[in-house]
Amino acid sequence: MKNLKNMAFNHGPLNLPNLISTVRIICAFIILVGVLKGFNPVMLGVGYCAVALTDALDGFLARKYDSVSKLGKALDPVADKALVTPLLVAFAFQGTISWIVPAITFFRDLLVDGVKQVASKNSESGIGASWMGKVKTATTMPGIALMIFGIFPELSNILITIGTGLCIASGVDYLIKYKDVFKEDAPKENIP
């Protein structure tokens, strides 16, 4: 049993938290196809909710069992984005929401990922998710779930609008908080 635990929770790329993130990416693609093809909204909605709940599970397991890995740090945000941005694009394509919503989400993610990438070169720990980013996810994902189910359209639009506002606010917050990561070192004086 201890051997199984060691295999599931290690610092290498093949561990349970990374597997959960990978499955989340695959499921996000399946749900996206289902939404675009008009599959059963109840099945898709239940599937989306189940997959969205794993968002916290992989990080919790990685921290609890000390199995945080470089691959996991890269996979987790990709899996999170896979559950949000493509579905927002699909809803915009279907005319359910404005195209501005996925555009803001996409460009904010590019901005934040750029800041995190530059900062990770200067720091071993890198930059974690901000509280605004977490609240953004906590409002946007339920809004998406309601849209998939096709219920409470006003509430889903309110949640997605709040999530989009937090998307902008958290992007600005990252820029202000980590503006120094983009500064170049002052050029050294030439000594003859």
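Modeller: Let's start with a word you'll need: a cavity is a set of points where a 1.4 Å probe fits but cannot get out. Keep in mind that this is a predicted model.

Biologist: Got it. How many cavities of 30 Å³ or more are there?

Modeller: The idea first: rolling a probe the size of a water molecule over the atoms shows where empty space is left. Here that gives one cavity of 30 Å³ or more, and the largest cavity has a volume of about 50 Å³.

Biologist: Which residues line the largest cavity?

Modeller: Find Val 84, Leu 88, Val 101, Thr 105, Lys 136, Thr 140, Ile 160, Gly 163, Thr 164 and Cys 167 in the picture. Sorted by kind, the lining has five nonpolar residues, four polar ones and one charged one.

Biologist: And which helix gives the most to that lining?

Modeller: That's α8, with four residues. Three helices supply at least two lining residues each: α6 (100-122), α7 (131-149) and α8 (153-177).

Biologist: Let me zoom out. What is the secondary structure of the chain?

Modeller: Count along and you get eight helices and zero strands. Written as a pattern, the chain reads α-α-α-α-α-α-α-α. For contacts between residues at least 6 apart in sequence, 72% link residues at least 24 apart.

Biologist: Can we try one helix? Which residues of α5 are buried?

Modeller: A handy rule: an α-helix has 3.6 residues a turn, so residues three or four places apart point the same way. In α5 (residues 85-94), look for Thr 85, Leu 87, Leu 88, Ala 90, Phe 91 and Ala 92, which are its buried residues. Leu 88 also belongs to the cavity lining. After α5 comes Gly 95, with a positive phi near 85°.

Biologist: Which residue other than glycine has a positive phi near 45°?

Modeller: Phe 152 does, and you'll find Phe 152 in the loop between α7 and α8. Phe 152 counts as exposed because its relative accessibility is 53%.

Biologist: Now the cysteines. How many disulfides are there?

Modeller: For a disulfide, two cysteine sulfur atoms must be within 2.5 Å. A search of the whole structure turns up zero.

Biologist: Is Cys 167 buried or exposed?

Modeller: Buried, because its relative accessible area is 1%. Cys 27 has 23% relative accessibility, so Cys 27 counts as partly exposed.

Biologist: One more. Is Glu 154 buried or exposed?

Modeller: Glu 154, in helix α8, counts as exposed because its relative accessibility is 58%.

Technical notes
Residues are numbered from 1 along each chain as its sequence is written. This is a predicted model: local features need pLDDT of at least 70, side-chain atom pairs count only at pLDDT 80 or more; totals for chains, interfaces and linings use all residues. Side-chain values use heavy atoms; hydrogens and water are left out. Buried means under 20% relative accessible area, exposed over 50%, partly exposed in between (1.4 Å probe, protein chains only). On a 1 Å grid over the protein atoms alone, a cavity is a set of points where a 1.4 Å probe fits but cannot get out, and a pocket is an open set with protein on both sides within 12 Å along at least five of seven lines; lining residues have an atom within 4 Å of a point. Grid points are joined across faces, edges and corners, and a volume is the space filled by probe spheres set on the points. Ala, Val, Leu, Ile, Met, Phe, Trp, Tyr, Cys and Pro count as nonpolar, Asp, Glu, Lys and Arg as charged, and the others, Gly among them, as polar. Contact means heavy atoms within 4.5 Å.
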